[in-house]
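Have a look at the fold below before reading on.

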Amino acid sequence: MDRFDIRGGVRLAGELTIKGSKNAALPMMTATLLTSEPVILRDVPDLADIRNMHRLLGELGCTVEYTASDDIEAPGGVMRMQATDETISHARYEVVRTMRASISTLGPMLARRGAARVSLPGGCAIGERPVDLHLRGLTALGADITLDSGDIIARIPRVGGKRGRLRGARVFMGGPFGSTVLGTANVMAAATLAEGTTVIECAACEPEIVDMANLLIAMGARIEGAGSPRITVHGVSELGGVDYRVMPDRIEAGTYMCAAAITGGDLTLHNCPADSLMAHMDRLQQMGVTLQYGSNLPTADLMRARCRVCASVPGGRLLPVEATTQPHPGFPTDLQAQLMAVACLADGNSVITERIFTERFLHVAELSRMGAQLYRQGPTVIVSGVPRLKGAPVMASDLRASACLVLAGLAAEGTTVVNRVYHLDRGYERMDERLRALGADVVRVSEKEAAV
Ligand code: EPU
């Protein structure tokens, strides 16, 4: 497995273009299952999770063609998809276990094909991750759901011997840790083809849901209220094809903002979804980072803004911060680990609390190996800032925890070896090359090279 060797201490400077969003693109790809017409997505990043979804849609009877962009600064490639065989509806465990977003195939497949069999994803490195809310939502729309051999088997009951349709209903998507993002996407997608009106209460308000709703609307769906806690979907009998540009990745943008912050750097991000990052930018500003993003621009422009992040605090260190993860528009769980890396070097005590995935702290023990002073009490970590981190070999079996360790390595004295970067490759396209272009001393060492 590849690793990154990072020699820290270089102040990052320069410009980069934010890629299309992985978490928006994954459920959007499954919209292909809702129509027999072609679905074209642009700005799709070239990532392991996207390749897994590509493979899964192939197994579910879709032709999928991805044209990657050679330009490292392009926001992504073009994905052309079309469902050509609607008889196979089994998302197998072998694919689903590599990528939880596979669960997003359930709603679209059920709504269009009348039946779907999707392996239960099981737990992952950041926690248990149940799908009960997805199943409850689809059941409310009239699906008959059972479990067999670890698979979810969903069917729309037949009516008078004929294939039935899902029925509009009032569905509540809130759980103990807030609304579910992929659950909302699943139910919203299924409801587009249901008979009658569906009202999704306590819907996830994440920008990826808004982007998904806009894609479905462009396909002919009738959806109102996406981005608010109540989404109304008036079912239609058919959806058509679409050519759509995926929103930029707010978590990639937030991570590079942290890279500027932790190295005292000065970065300009293009195609930056500043509008979706207000809580994160607010935390960084509290720490003393300067952010310029044309705050008076209309919202649509703020989703693809030019954003300058400058963290050179003359002769000083960043200030400590308090951050608690919350559903959007609160501070996102997917940036908790990265902000913690920055807080490790702040001048004082920071308090970071994780409320979405309460066990999402794989980075804590690894940061400690680099000299960070961290004290965990349940879902809260007190970060007692230190003047410097020291390079060390580290590893984390989670995407965002790995990004946190790369950030720590960029600022640490000496060499940090981040092992098993395939986790990073799931969510950050060519991160080593992109960091090098900004001045960082990062080398990817492939497994083969490492063995020599
Ligand atoms: N939950 C339930 N029941 C459910 C579904 C979720 O109790 O049926 C709980 C979860 O255990 C968690 C909370 O609700 O405590 C929120 O989970 P959610 O369902 O919103 O997560 P998700 O939709 O599976 C997406 C992103 C994650 C991101 C979360 C939260 C994708 C592909 N994944 O997951 O992204 O952390 O929303 O914002 O969109 C990442 O990119 O690193 C990542 C993990």
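Predicted model: local features only at pLDDT ≥ 70, side-chain atom pairs only at ≥ 80, totals over all residues.

Let's start with the packing. The largest nonpolar core has 78 residues, and Met257 and Leu269 are the ones that touch the most other members. There is also a second, separate core of 75 residues, with Met29, Ile103, Val187 and Val246 among its members.

Which residues does Met257 meet, once its neighbours within four places in sequence are set aside? The list runs to Leu269, Cys272, Leu277, His280, Met281, Leu284, Leu291, Cys307 and Val309.

Leu41 sits in strand β3, residues 39-44. Its relative accessibility is 0%, so it counts as buried. Leaving out residues up to four places away in sequence, Leu41 touches Ala25, Met28, Met29, Gly77, Val78, Met79, Met81, Leu215, Tyr244 and Val246. Two of those names, Met29 and Val246, also turn up in the 75-residue core.

Leu138 belongs to helix α5, residues 132-140. Its relative accessible area is 0% too, so Leu138 is buried. Beyond its neighbours within four places in sequence, Leu138 is in contact with Leu106, Gly107, Leu110, Ala143, Ile145, Asn186, Val187 and Ala190. From Leu138 to Leu26 the C-alpha distance is 19 Å, for a separation of 112 residues in sequence.

## A wrapped-up helix, and a buried Asp

Is helix α6, residues 181-191, enclosed or open? Nine of its 11 residues are buried, so α6 is largely enclosed by the rest of the structure. The buried ones are Gly183, Thr184, Ala185, Asn186, Val187, Met188, Ala189, Ala190 and Ala191. Asn186, Val187 and Ala190 are also contacts of Leu138. At the start of α6, the backbone nitrogen of Gly183 has a side-chain oxygen of Thr180 within 3.0 Å.

Asp49 is part of helix α2, residues 48-59. Despite the charged side chain, Asp49 counts as buried, at 2% relative accessibility. Apart from its neighbours within four places in sequence, Asp49 is in contact with Lys22, Leu26, Thr98, Met99 and Arg426.

The peptide bond from His328 to Pro329 is cis, with omega near 10°. Pro329 is in the loop between β20 (322-324) and α11 (336-343).

The other two are about phi. Asn271 is not a glycine, yet its phi is positive, near 55°. Asn271 lies in strand β17, residues 266-272, and at 10% relative accessibility it counts as buried. Arg430, again not a glycine, has a positive phi of about 40°. Arg430 is in the loop between α14 (422-425) and α15 (431-437), and its 27% relative accessibility makes it partly exposed.

Now for the space. The second largest pocket holds about 390 Å³. It is lined by 22 residues, and those closest to its centre are Ile262, Thr263, Gly264, Gly316 and Arg317. Helices α8 (250-263) and α13 (399-411) each give at least two lining residues, with α8 supplying the largest share, three residues. By type, the lining of this pocket splits into 13 nonpolar, five polar and four charged residues.

The largest cavity has about 40 Å³ of space, and its lining is made of Asn23, Pro27, Val181, Leu182, Ala185, Glu208, Ile209 and Met212. The elements giving two or more of these residues are α1 (22-30), α6 and α7 (207-218). Six of the lining residues are nonpolar, one is polar and one is charged.

The second largest cavity has about 30 Å³. Around it are Arg250, Ser276, Leu277, Met278, Ala279, His280, His328, Pro329, Gly330 and Pro332. Helix α9 (residues 278-286) gives the largest share, three residues. The lining of the second largest cavity comes to five nonpolar, four polar and one charged.

Terms used. Residues numbered from 1 in each chain as written. Heavy atoms only, no water. 1 Å grid on protein atoms, 1.4 Å probe; cavity = no way out; pocket = protein on both sides within 12 Å on 5 of 7 lines; lining within 4 Å. Points joined across faces, edges and corners; volume = space filled by probe spheres on them. Helix = DSSP H or I, 4+ residues; strand = E, 2+ residues; numbered from the N terminus. Core = buried A, V, L, I, M, F, W, Y, C linked by side-chain atoms within 4.5 Å. Buried < 20%, exposed > 50% of the residue type's maximum accessible area, 1.4 Å probe, protein only. Contact = heavy atoms within 4.5 Å. Polar contact = N/O pair within 3.5 Å; in protein donor to acceptor, adjacent residues only side chain to side chain.
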